[in-house]
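The stops below go from one selection to the next.

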Amino acid sequence: MNIPQLVQSQKDFFATQQTKDISYRKTALKRLQKELIRRENDIIKALNDDFKKSEYEAVMTETSIVLAELKMVLKNIHSWSKPKRVLPSLLNFPSSAKIYKEPYGTVLIIAPWNYPYQLAFAPLLGAIAAGNTAVLKPSELTPNTSKITREIVEAVFDKNHVSVVEGGVPVSQELLAQRWDYIFFTGSVPIGRIVAKAAAEHITPVTLELGGKSPCIVDETANIKLAAKRLVWGKFINGGQTCIAPDYLLIHKSVKEKFVSHFKDEVFRAYGENPQTSEDYPRIVNTRNFDRLVLMLENEQFLIGGQTEREDRYIAPTIVDEPSLDSEVMKGEIFGPIFPLISYENEQDIATTLAKYDKPLALYVFTTRNKFAKKMIADYSFGGGTINDTTVHFANHRLPFGGVGESGIGGYHGKQTFDTFSHKKGVVTRGNWLDIPTRYAPYKGKLKQLKTLMKIG
Ligand code: NAD
């Protein structure tokens with residue numbers, strides 16, 4: 001595929017103004033909805049072929065999320081697109097003021113492999129709804145999902161409107177070398193940095209949905225049994241390969257033993273005696289990631305798990321007991337089914353550990369002390385989070401989803417995805433029937449009047 005040519009033809013198509021027509025966007029999105037429903041079983045199969053993702057998890061975390069977002073977009077596209085009237089300022093009297101939403105133009109979306117379907121289509125829906133033309137690059141690490149993504153897009157859209165470009169790093173680099181009107185990237189922090197640099201070349205606005213080391217704090221008042229249950233789910237769903245998975249656990253030392261016992265029971269209940277034989281337990285996406293994770297297990301003590309099998313890319317649900325903060329497992333984002341447990345005695349211990357890392361994408365607190373939860377929310381900066389559960393803030397489309405600091409720039413979901421892909425154009429329309437003379441020179445004797453007007457706003 002000739003990438004510069006594709007980008008140019010998308011820009012030419014955008015210039016025809018067709019995508020500014022809401023009914024054009026809506027018709028295209030309805031066609032997409034039909035195709036996504038028609039191909040749902042193929043999508044589920046592709047996800048299973050890529051990393052043994054179960055049908056249940058595929059529906060829960062991929063297909064149903066995209067279909068729900070799409071339904072919401074179709075329902076709200078007209079109201080989201082409408083210019084929004086805001087109060088005019090007295091200084092401009094008489095006037096009216098409105099915010100117009102306009103598509104950026106031709107946008108690039110780069111997706112990761114870990115939720116390869118959802119994280120490709122969810123931003124794409126917003127980009128199309130907002131009236132852009134778009135090029136989507138799925139991850140090369142999940143080739144079956146990448147292929148079906150391309151097939152769906154080719155079946156639904158004019159290629160000048162939406163195209164999928166498959167490929168790995170060289171393709172991604174060639175795409176990034178083009179001039180885009182917006183870049184939406186989901187992936188790791190180091191590649192996020194590369195994307196930000198490429199975008200800076202043309203002052204292209206970006207959303208960077210990145211990762212990080214998301215802590216989970218369990219205090220001595222928490223409902224330990226429920227915390228263990230919810231953490232087993234949140235940590236091991238998708239084989240621990242979730243950007244907002246709790247990365248490591250800080251637990252009050254008085255409840256450590258009880259927690260581990262419940263956690264063991266819950267792993268057993270969820271995945272059986274041998275999780276390797278469970279249909280619900282996914283695999284590590286490739287051997288490179290498998291080897292990276294196995295390195296983290298060297299020289300560590302386990303409270304549960306620790307078993308690995310390279311040919312199957314299997315790593316058992318594992319708790320690493322009290323690793324040092326300098327250990328391999330505590331260096332960067334884990335992104336696998338390994339849960340380091342560090343016990344603490346007081347809030348200062350929590351602060352010391354958290355201070356070692358950059359602002360995380362998520363933070364979780366299990367407690368029955370409202371005051372403690374509020375303090376954690378107020379004291380620490382993080383993308384988003386949940387009290388007494390993990391990852392579920394993702395599922396509320398009314399909440400912005402995104403990072404802060406190294407965990408990312410911008411946020412999306414629901415209406416915010418539409419807004420992400422729209423430039424907000426503020427326009428004042430002046431009335432001609434009155435022209436207050438205060439602002440015009442000569443200024444002599446007008447300062448007091450100006451100050452009064454500025455005060456009122
Ligand atoms: P990745 O950064 O390796 O790859 C993401 C995309 O970038 C892929 O499409 C890949 O082809 C491309 N890419 C890789 N190297 C590149 C390079 N040198 N130049 C240009 N493009 C390049 O990430 P991944 O392994 O696919 O996903 C895992 C990471 O993504 C984790 O860090 C995770 O936390 C993060 N993530 C974040 C979110 C979020 O919403 N914030 C969601 C999922 C994953």
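Which residues of β4 lie on one side and which on the other, and are they buried or exposed? Select strand β4, residues 133-137. Thr133, Val135 and Lys137 are on one side, Ala134 and Leu136 are on the other, and all are buried, so both faces of β4 are covered. Here buried means under 20% relative accessible area, exposed over 50% and partly exposed in between, with a 1.4 Å probe and protein chains only. In a regular strand, side chains alternate between the two faces of the sheet.

This is a predicted model, in which local features need pLDDT of at least 70 and side-chain atom pairs count only at pLDDT 80 or more, while totals for chains, interfaces and linings use all residues. Residues are numbered from 1 along each chain as its sequence is written, and side-chain values use heavy atoms, with hydrogens and water left out. Strands (E, at least two residues) and helices (H or I, at least four) are DSSP runs, numbered from the N terminus.

β3 and β4 pair in the parallel sense over five bridges; two strands pair if DSSP finds at least two bridges between them. Leu108 has Val135 in β4 as its bridge partner.

Next, show the open sheet of seven strands, ordered β10-β13-β14-β9-β8-β15-β16 with mixed pairing. Its edge strands, β10 (302-304) and β16, each pair on one side only. Neighbouring strands are turned by 25° against each other on average, direction ignored; the axes are lines fitted to C-alpha atoms, for helices over the stretch in contact, and angles run from 0 to 180 degrees between N-to-C directions. Within the sheet, pick β8 (residues 215-218) and β15 (residues 362-366), which pair in the parallel sense over three bridges. Cys216 has Tyr364 in β15 as its bridge partner.

Now display the aromatic side chains. The whole structure holds 18 aromatic pairs: rings of Phe, Tyr and Trp (its six-membered ring) whose centres lie within 6.5 Å, with planes under 30 degrees apart counted as stacked, over 60 as edge-to-face and the rest as tilted. Trp113 and Phe335 make an edge-to-face pair, 5.7 Å centre to centre with 80° between the planes. Trp113 is in the loop between β3 (106-110) and α5 (118-129), and Phe335 is in the loop between β13 (318-321) and β14 (338-344), so the pair ties together parts 222 residues apart in sequence. Trp113 is buried at 9% relative accessibility, and Phe335 is buried at 18%.

On a 1 Å grid over the protein atoms alone, a cavity is a set of points where a 1.4 Å probe fits but cannot get out, and a pocket is an open set with protein on both sides within 12 Å along at least five of seven lines; lining residues have an atom within 4 Å of a point.

Of its 42 lining residues, Trp113, Gly187, Ser188, Pro190 and Ile191 lie nearest its centre.
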